[in-house]
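User: Here is a model that I would like to understand term by term. Can we go through it, with each label set against its definition?

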Amino acid sequence: MNAQVRARAVLAAAAAALALGGTAEPARAQWSQQHEQFYLPAEHNWVFRRNYPAADRLFNAFDYGHAILYEELYTNPDAPASELEEREYNFVTRKLLVSPPRLPLEEGAIEIAYVKIAPEAKLMFEWAHLLHRQIYDVLGDERLSEADKDREVAELIRYYKSRPDLAFSSLPKNMELMEGQYYSTAFREKYPKFNGLIWGYHWLQVGLYEPLLVGRTPDERQTGVTATVARFRQMLENAPENMPRLMPMTAAVAPRFAERYPEAAIIFDNLHSMHDVISDILASPKVPADQKRAEILRAAERYRDNTSFVMTEQEWRDMTQMMGVQNMGGPVTGFLAGFPQPTVERGAVMAHGNMAGMQHGAAQPGQAGAAQGHAGMQHGAPPAGQGGMQGMDHSRMGGAQPAQGAGTQPGSMSKDAASTARMMEMHERMMADPVIRERVASDPVLQRMMSEMHGGMPGMSHGAAPGAGAMAPDSAQAMDFVVRLLSDPEVEGRIHSDPRLHQLWSDPEVQRRLAELRRQQGTRPATTPAQPEHRH
């Protein structure tokens, strides 16, 4: 009898192991405590599917595209790029999008291995996609008045936020979270065409709200939705030429929707940004296989919280304008037959305002002035002989050159200038460290100081490249910034773990300048956390 009991216990344990994914990945097996949740009951549910079936079916195809992407990136990390760029891309664009599924797919049946390592992220996406679909239903319901629609959307957002374990923050996150991590941009660099396809999905997903709001009659709304879908299909021709070159931002692609429902617009931008982050984590060889889950969960937590990498709503709108709708696939309403001329190279990065290849001031044929916003603004030309410096990217700059005052001979430098140069290099190298960048993102004072150093526009350097007379204010701000950072013991610990940073920090002149700055600011020693008052 005991033998039989033991045998049954062994069989039960084996069955449980198989149910949890067998022994394929014991090191990454985790319990997930989140649970699925369904639509908020309402009479408007599935109205969009009835009234706009062609557009609704595309969302089912998009679900497949996201799922197969994650599965391929996770299970076949060494596969040639052509597996996604050709084989899967051709299947999706030539077959699946031509005849999309009539009903939503169960993504877990497609991303079988991926969902085992990150079920929490899958549920976050599904919860946000449900909000997407229910808002389509509200705006597509001809029985509802404008006031009814506003009330229903507010209730949907309240319902969505009732799940803090799944809900994306309704505060905007800056581009540092998406593009400033050590694994960032790995996906778009290796798979530009499939990345363009994903961004095309996101352009359509937020863009479809606009004709539902702009259209004055049911016929106008039907025509607008049909035109928006047709425009999306145009993007797929001659890929990736007409696809977005920057992640589509809701406030640019669907400005009426973002103005009327800013919380929803911000949630969707955070959702789409995290899609990119997970693609980068899975695609990056810098993230070991046994660390993929940890990085995904870290990113998911950051996108849910209301403290890290946040910016104000106005900064979000300003950044969106500066990026330019012409770089995101163009507007949804009032577009011309041809696509607008982009002003950035494919693969451009927005983190820290780095917009290499941006043609500031280029006229956009067929674009209204409001749609261009800051995208066409001249932000300052670099001095002759200095080369183009479109924006400052701390993670990619090796060290700033100090300004040379009048009468200073090339190659000669005062003690203060030399220590300033080392302080500036120290500042750049510190900001290349992901832990230090995260510390900055979580500190409002440091965020403000960073914004002031870059001219007030989040992530954008408006001034000329460093040159005569241009460096002094930035140097002083950078040194204040370094002192503030050094007041954190964790940051100081990171400095001592980097040989070059430790060498810069240990320089006697740097230590002298740091001591002077601490005395001026009335701060405590670097080993004690301080709260200095920033001086303008």
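Analyst: Two residues are in contact when they have heavy atoms within 4.5 Å of each other. The model is predicted: local features need pLDDT of at least 70, side-chain atom pairs count only at pLDDT 80 or more, and totals for chains, interfaces and linings use all residues. Residues are numbered from 1 along each chain as its sequence is written, and side-chain values use heavy atoms, with hydrogens and water left out.

User: How do you know what confidence the predictor has in each residue?

Analyst: That is given by pLDDT, the predictor's confidence in each residue on a scale from 0 to 100. The protein chain averages 78, and 66% of the residues score at least 70. Over residues 1–29 the pLDDT is below 50, and this stretch has 10 contacts beyond near neighbours in sequence. Residues 355–413 also stay under 50, with 127 contacts beyond four places in sequence.

User: How many helices and strands does the protein chain have?

Analyst: The chain has 25 helices and 0 strands.

User: What makes F309 buried or exposed?

Analyst: Buried means under 20% relative accessible area, exposed means over 50%, and partly exposed lies in between (1.4 Å probe, protein chains only). F309 has a relative accessible area of 1%, so F309 is buried. F309 sits in the loop between α16 (292–304) and α17 (313–323), and has a positive phi of about 60° although it is not a glycine. In the whole chain, buried residues make up 52% of the 536 residues.

User: What is the relative accessible area of W46, and what is W46 called?

Analyst: W46 is at 32%, so it is partly exposed. W46 lies in the loop between α1 (2–19) and α2 (47–51), and its phi is near 70°, positive in a residue other than glycine.

User: How do you know whether helix α15 agrees with the span it should have?

Analyst: The expected span is 1.5 Å times one less than the number of residues. For the 22 residues of α15 (262–283) that should be 32 Å, and the end C-alpha atoms are 32 Å apart, so the two agree. In α15, 20 of the 22 residues are buried.

User: What makes a set of residues a nonpolar core?

Analyst: The set must consist of buried Ala, Val, Leu, Ile, Met, Phe, Trp, Tyr and Cys residues joined through side-chain atoms within 4.5 Å. The largest has 111 residues, and I135, F168, F257 and F268 have the most contacts inside it. Apart from this core lies another of 14 residues, among them M431, I436, M449 and V482. Beyond four places in sequence, the contacts of I135 include V153, L156, F257 and F268.

User: What kind of aromatic pair do F59 and Y136 form?

Analyst: Rings of Phe, Tyr and Trp (its six-membered ring) pair if their centres lie within 6.5 Å; planes under 30 degrees apart are stacked, over 60 edge-to-face, and the rest tilted. The structure holds 25 aromatic pairs. F59 and Y136 are 4.8 Å centre to centre with 10° between the planes, which is stacked. F59 is in α3 and Y136 in α6 (119–139), 77 residues apart. F59 is at 4% relative accessibility, so it counts as buried; Y136, at 1%, counts as buried too.

User: Why is the pair of W127 and Y159 called what it is?

Analyst: The ring centres of W127 and Y159 are 5.3 Å apart and the planes are at 55°, so the pair is tilted. W127 lies in α6 and Y159 in α7 (146–161), so the pair ties together parts 32 residues apart in sequence. Both W127 and Y159 are buried.

Notes
Helices (H or I, at least four residues) and strands (E, at least two) are DSSP runs, numbered from the N terminus.
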